[in-house]
Structure formats: structure tokens, C-alpha cells
Amino acid sequence: MRSHFAVVVALLILAVGAPGTAQTPSAGLDLWLPSAAVGAAIDTDELVTVFTEVLGGPAGSSHVVGEAGIAARLSTAGPTMPRCLAGLDAPCGDPATAAAAVVGATRVIWVTARQERHSSPATLELVVLDLALGTRRVLQVDSPTVREAVFTAVAELTSAVASLSITSEPTGAEVYLDGRLLGVTPYSGTVSIGAYDLRLVLDGYYDYGSPIELRADDQRTEQIDMQRRFATLRIDTDAPGAQIVVDAGDPQAANAPLQILPGRHEVIIRAPGYDDEIRTLDLIASEERQYRVTLVESAVTIANRRYEAVRSRPLAIQLGAVGASARTSWRDARVVIDDERERIECASASGPSTECVSRVPTGLLGLDATAIVSYQWFELQLGGFGVRRINTRRSPATLSTRETVPQDVLLEDGRELVFRLPSPGIRWQIDEKWSTSLRVGPAVSFQRLAGRAQPVDEDVRLRRTDWLLNFDLAGRRHLTEALYAFGEFNLGVTLDEAGTRTRLGASLGLGVIFPDPTGLLHSLTRRQESRDAPPSPSTPSEL
């Protein structure tokens, strides 16, 4: 390395060509002469490059680095003859000293780098010659890397500084270099050169940390966005489609961690078909909190499920108590008087016609059993059977037959058998608890009635068969999925000339509904459930 500088000096002498005036050394100018020891992992050129980067260039106002620095310095300042070469009495000494005199340096710093491998610690051996004071000192710098050793050596031997400006979003963050507090953002100041760990600290935000190199005469500006410190909240639930809403914000999926700002929050756990669960939580920055929540099905969901359960059972058998009232005569009824069968008819043309059509108040009380099948809006009464007691309140009637003259009969109680024939109708399932229907269809009635002929005190037995057209308005109150209570209002109209114009009746009872054993009606019903069933809860667009 020193031979290189001897060559430089010789070249300078040739370049000057004649004696000149000696230059006074510049105050504070250092000549750095880096070289790598024999067998070192780093070579001399790499070491010079590191010194050049750390010092901010090969030649500056306060330093010159290696041959490139000397050449750069001479190109701007012009060559100056060393005093010894100008015939003055100052000795030339070492060629490096002479080179220092040429560039006007006050100190010469020889640097030798030792490092076994690139991953091994590095050692710098430095010899510092102060030309102005005539002193010489030796020091050694050990560091994990060559670069860090160079920063340490330059910082120790010079007053090289860098300008550092740091801003942050938000402002007010504390700025630390290697653990030393410099101030708060926005920060601006002059810092010694070196390799540092930069750290910013702000309450409620994650610490920011990064290595930073400050070189000689650096004008470093850093803009840092601080990251908020969140609390982690996880809410698990088995409800399908569950979502979490924090402070009326956008819904987030449950069963996954959520990043939430610290503080008090209103948290709503929602799922389609379930009641909302609302909780107020105080969350701390960086904490991790987890809950498991069991949501309760909403009343609407339960109602819809019960509604569907009722609709999925299309077959019903019901048993009820029946009460009816009518005013009737017994025209065209068959009568047995003293074992003689005759038919009641009106009196002769010369007699009063009212004697044959006396309208007897009649009450009916008994039981009915009915089988019904339903499909969507359609209902069909498959058939029914009823047994009823006939109560005439022991009313008197005047009866005439072909063979007898009109005679008074005290009517006694009897019984009626009713067979209902298939009757179609319409049905409306109001909700999961109530439904109603209207049916129209025929029925046949077999009546038996006993009486006593007056004043002869003879037994009289009356028989009649009526064809009826029934109008049934029914309502159901579903107690469970399979059991319901019902009430029906009945209007019956005779279809033949039997003397009974209308019947008014009502029945109350219980019914049992069964699933369709074939599954056919249920599958057809499900195709229309979106139109027929009440609206079911759906995922809200905004929670």
C-alpha cells in the first residue's frame, strides 16, 4: 500500500515539474489508508468501499480515503509540492506522510482489517499519526462485522455527524437510537454517524423498530406509519352463518379471530333464525380474549319449524261432540203403529194441511268421527260417521197416514246415524297454531224416533232417511305437531222432501294428524312452501 503512495508522490513531482510554494495543511483533514491483512476474508478494495460509504465519499471537507480520495482531492485543489521536495528542511519521511502533505491532511490513519471469514467477528487495527502535533497512537476496534467496526472507528476518531429527521403518523412517538431517547416526532437533529437500532414508541401502537445507518453528512428523512395495537377477540358458536357486529360496524364471520381497537365495545352475535346475543366488552390492547356463545333460536324460527311440521302431516282423524237444532215435521216418514208399517202423509184435501206439517223443535246431541286429508290450499273430508241422540222435548204432533185418520202423537226421544260422504273444501294455514277450512258435501241421515199415540196409548215408531248438503266452517288450534283442538259450525240443508229445511249445528273436539305414509303429498307441499309459508328469517344485509 505504501509503495502505491510513493508512486503517487513521484507522479505528482513529474506533474508539477518545478518547485512550488508549500501548502499549509487544512485544519481537520484526515487521510484514511485502509488495507486488508494477509489472509483476511475482506480485500482492500472492499474495505476502501466501506470507508468511502461510511464517510460519505472518497473526498470531503474533512476526509480523504485511499488513492481515489487523493486523486479527487488533487483534481479540485491542485497539486502542491511537499516541503521536503521543495528544498525546505522538513523531512519527507514515509511516502504516506508525503502524500498527506500533498493533499493537505493533518492526520494520517492507517487501517488494517483482520477477519477469518465473512461470518466471523472483525478487528480493525488503526495507527493514527498527527502531523501537526507529531504524535502517534494505536487503537483496536472489535465488532461483529467489518461495517460496524468501520462505523465505530470513524465515530471515535472524528466528529462526523449526520442530519436526522423523523416524522410519524400519528405524531408524538418517542424516538430512540440504540435505546437513547432523542425526542418525540416530529423530530429533527444532528446525530453522530453510526449503525443504530431505531425505535419509535407510542402508547396504543406497536413499537416500530428498524436498523439505520447514518453516514457522514447524511441528510436522512424517515416517514413512519405507526400500527395500532389491537385486541384479539374470538367468538365461537355452533349457529350456522353466525356473524359478529362490533359497534354497529360491518358484520364479520364468527369462529375466527377479530382485530378490535382497545376500549369498550358493544358486540352483537347474530345468526339467521336465532335471537341476537348482545355483550359489552372492555378490551385491552394486545390481549387475546375468547368466548363460546350458544344462541337461542328465535320465536319466528320455532314457529316456522312448527308450521312446517304441521304442514308435513296431511292426514287427520278427529273426534268431536256435536250439537244441532232443527224444526221438522215427519212428512214422508215411515211409521209403525201396532206393528203396521205405513207412511205419514198430509191430511185429505178437506182437512187442515197444517196437521201434517207441524214443525217439531228437535235437538241433536252426539259424537262425530271424521277423516280428512289436506294438500296446500285444498282439503278433502274423506268421510265421517256420527251417532246422535234425538230430543223432541216430548212434543206433540198430528200425524196422518193412508189408513188412519189424523191422530195426536206424543213424540219421545230417538237416535240418528249420519254418514258423511267425501266433501271437498279449501284450507288456510294461518300460522303454526291456527288454521281454518270450509267444506261442502253430502251426507245421509238415518233417524229413528219413538212416540205414543193419544189417547189410545199405542206405541209409534218413526223412521226416516234424509239426504243433506252440509256446509262446514272449521277452525283448528294446533296444540302440538300431532294434536289439535277444533271447532266447527255446520249448516245442513235437506235435499229431499222430508220436512226439514235447515239444520244449524256446532261441534268441538280433538284431532290427531299423521305424516303422509307415501311422502307424496309432503313432497308436493314443499315445492310451494316459499309461497305458502310465512316468511322465515334470512341473513340481514346490515346487522
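Which strand gives the most to the nonpolar patch? In this predicted model, the patch is formed on the surface by I317, L479, L483, L510, V512 and F514, which together have about 480 Å² of accessible area. Strand β31, spanning residues 502–514, gives the most to this patch, contributing three residues. Another member of the patch, L483, has its place in strand β30, which covers residues 483–494. With a relative accessibility of 30%, L483 counts as partly exposed, because that class lies between the buried residues, under 20%, and the exposed residues, over 50%.

When contacts between residues at least 6 apart in sequence are considered, 62% of them join residues that are at least 24 apart.

Charged side chains were examined next. The structure holds 26 salt bridges, one of which is formed by the side chains of R476 and E379, with an N to O distance of 3.7 Å. R476 lies in strand β29 (residues 458–478) and E379 in strand β24 (residues 378–391), so this pair ties together parts of the protein that are 97 residues apart in sequence. Both partners are buried by the criterion of under 20% relative accessible area, since the value for R476 is 8% and the value for E379 is 1%.

A further salt bridge is found between the side chains of E416 and R388, again with an N to O distance of 3.7 Å. This pair likewise links distant parts of the chain, with E416 placed in strand β26 (residues 407–420) and R388 in strand β24, 28 residues apart. E416 and R388 are both buried. The two residues also take part in a network, in which salt bridges that share partners join D368, R388, E416, R420, D472 and R503.

The side chains of R289 and E287 also meet in a salt bridge, in this case with an N to O distance of 2.8 Å. Within this pair, E287 has a relative accessible area of 18% and is therefore buried, as the value falls under the 20% limit that defines this class.

Key. Residues numbered from 1 in each chain as written. Predicted model: local features only at pLDDT ≥ 70, side-chain atom pairs only at ≥ 80, totals over all residues. Heavy atoms only, no water. Patch = residues over 30% accessible without salt bridge, like charges linked within 9 Å, V, L, I, M, F, W, Y side chains within 5 Å. Areas by Shrake-Rupley, 256 points an atom, 1.4 Å probe, with all protein chains shown as cover. Salt bridge = Lys/Arg side-chain N within 4 Å of Asp/Glu carboxyl O. Helix = DSSP H or I, 4+ residues; strand = E, 2+ residues; numbered from the N terminus. Buried < 20%, exposed > 50% of the residue type's maximum accessible area, 1.4 Å probe, protein only. Contact = heavy atoms within 4.5 Å.
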